[in-house]
Amino acid sequence: MKRYSAFSSQIKSQAYPDNDIYQLTALDHSFERRQIDIPDLDGYRTWKCDFHIHTVFSDGMVWPSARVYEAWKEGLDVVAITDHIEQHLNQHYLKGDLNDAYKIAEESAADWEITVIPGAEITRGEPFGHLSTLFIDDANLLKTDDPLVAVERAKQQGAFISWNHPGWMKTETTLDPLHKRLIDEQKIDGIEVMSNRDFYPAALKWCALYHKTCLACTDIHGLISETYGDRRLSRPITLVFAKDKSVASIREALFAGRTLALFDGLLAGAEECLRKIVVASMRIHPSNSWWFEISNLSDIPFEMLYGETHYVIRPKTTLKIESSSHTKMEITNCFAQDGQSLSIEMEEFIKI
């Protein structure tokens, strides 16, 4: 008896010995990883990250090692486990401490070549809201009745602290005095401008005004596949430009503000990074005096206004466009920190 790999259509169309075993490998997608191609930037690699993830160790539905597996499947490079300090729905069954989720995820990280960052989320009602603390040494030290004490203890551990979903459960995104104070005291280092299913243009402007790092995070509690479906790049992703994907390099890049926020075809962040990524992603091919071709080399779709016509340049495609006297393109799905869409001179693109 022999063992084979085969497609089901082959078995249906050909005769095989009855005692052989045929594995229908085309049906198994367990070890298929989505590849996300986005250009590198200024000597830094572009890493795909999610810095706000929950597991069964707070109010999530998924085991920590499964979060690492999901990240690998989705084409990510780095995740942070940020379970709530205060909410432990399964504490009757899970008897460990507040660092256990990270430890479990970290144990499986090498199998999938994913970097796992230790973290925790400090959670209170308004006006405090939710803050994630990344790169901490011990989440247990953040368990205290006073959230401002928890913030101070996180900072004593060298934490990068992000203000999560600033418009969540609100009718508008506002900067309240407490968060302004934390920003002024350098106790908030980044802001989620995209979170779960939301985009907050006001938060994008705050990042520019107060020199804070832009983040896009899922705040995932359920299954990624069931929350965002099968569409490529539908989940929020923080693009981090770092030398490598070690914890130290990712930390340095976050504090330096070398990030862009990507979510469901929208790209946002500091104009310098934004412009360089768009220019690096596209090439112009002169055709003749009437036409030119523009190619998108990345997996990010770009929506473009050229003259009076709106175009969509899908990932890994080339589009033929009628030439005009216009010398600029407005990339309407890319937003700089002033909230305006990105305008690029055509001569900035590499011509081939």
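This is a predicted model: local features need pLDDT of at least 70, side-chain atom pairs count only at pLDDT 80 or more; totals for chains, interfaces and linings use all residues.
Residues are numbered from 1 along each chain as its sequence is written, and side-chain values use heavy atoms, with hydrogens and water left out.

The secondary structure of the chain comes to 9 helices and 21 strands; helices (H or I, at least four residues) and strands (E, at least two) are DSSP runs, numbered from the N terminus. Along the principal axes, the C-alpha atoms fill a box of roughly 70 × 70 × 40 Å. Of the 352 residues, 49% count as buried, where buried means under 20% relative accessible area, exposed over 50%, and partly exposed in between (1.4 Å probe, protein chains only). The chain exposes about 16700 Å², of which carbon and sulfur atoms supply 51%; accessible areas come from the Shrake-Rupley method with a 1.4 Å probe, and for residues only the protein chains shown count as cover. Among contacts (heavy atoms within 4.5 Å) with a separation of 6 or more, residues 24 or more positions apart account for 62%.

In soluble globular proteins, nonpolar side chains tend to be buried together. A nonpolar core is here a set of buried Ala, Val, Leu, Ile, Met, Phe, Trp, Tyr and Cys residues joined through side-chain atoms within 4.5 Å. The largest such core has 85 residues, and those with the most contacts inside it are Leu 267, Val 278, Ile 294, Met 304, Met 329 and Ile 331. Helix α9 (residues 271-281) gives the largest share of this core, 5 residues. Apart from it lies another core, of 16 residues, among them Val 78, Phe 160, Leu 215 and Cys 217. Leaving aside residues up to four places away in sequence, Val 278 touches Phe 302, Ile 331, Cys 334, Leu 342, Ile 344 and Phe 349.

Cys 334 is itself buried, at 0% relative accessibility. Its sulfur is 13 Å from the closest cysteine sulfur, in Cys 273, too far for a bond. The structure holds 0 disulfides, a disulfide being a pair of cysteine sulfur atoms within 2.5 Å. For Cys 273, the nearest cysteine sulfur is that of Cys 214, 9.5 Å away; Cys 273 is buried, with a relative accessible area of 13%.

Helix α5 (residues 177-184) has the buried residues Leu 178, His 179, Leu 182 and Ile 183. Seen down the axis of α5, these fall within an arc of 135°, so they line one face of the helix; the arc is that of the directions from the helix axis to the C-beta atoms. They pack against β6 (130-134), α4 (147-156), β7 (160-163) and α6 (201-210). At the start of α5, a side-chain oxygen of Asp 176 comes within 3.1 Å of the backbone nitrogen of Leu 178. Gln 186, with a positive phi near 60°, follows the helix.

In helix α2 (residues 64-73), the buried residues are Pro 64, Arg 67, Val 68, Glu 70, Ala 71 and Trp 72. Their cover includes β3 (45-53), β4 (78-81), α3 (100-112), β5 and α7 (224-228). Just after α2, Gly 75 has a positive phi of about 90°.

Thr 123 belongs to strand β5 (residues 115-123) and is buried, with a relative accessible area of 9%. Its side chain makes a polar contact with the side chain of His 84 (2.6 Å); a polar contact is a pair of N or O atoms within 3.5 Å, where within protein one must be able to donate a hydrogen and the other to accept it, and residues adjacent in sequence count only if both atoms are side-chain atoms. Thr 123 and Glu 86 are 37 residues apart in sequence, with their C-alpha atoms 6.8 Å apart.

Asn 333 lies in strand β19 (residues 328-335) and is buried, at 2% relative accessibility. A polar atom of its side chain is 2.8 Å from the backbone oxygen of Pro 301.

Some backbone features remain. A cis peptide bond, with omega about 10°, joins Glu 126 and Pro 127, and Pro 127 is in the loop between β5 and β6. Phe 135, not a glycine, has a positive phi of about 70°.
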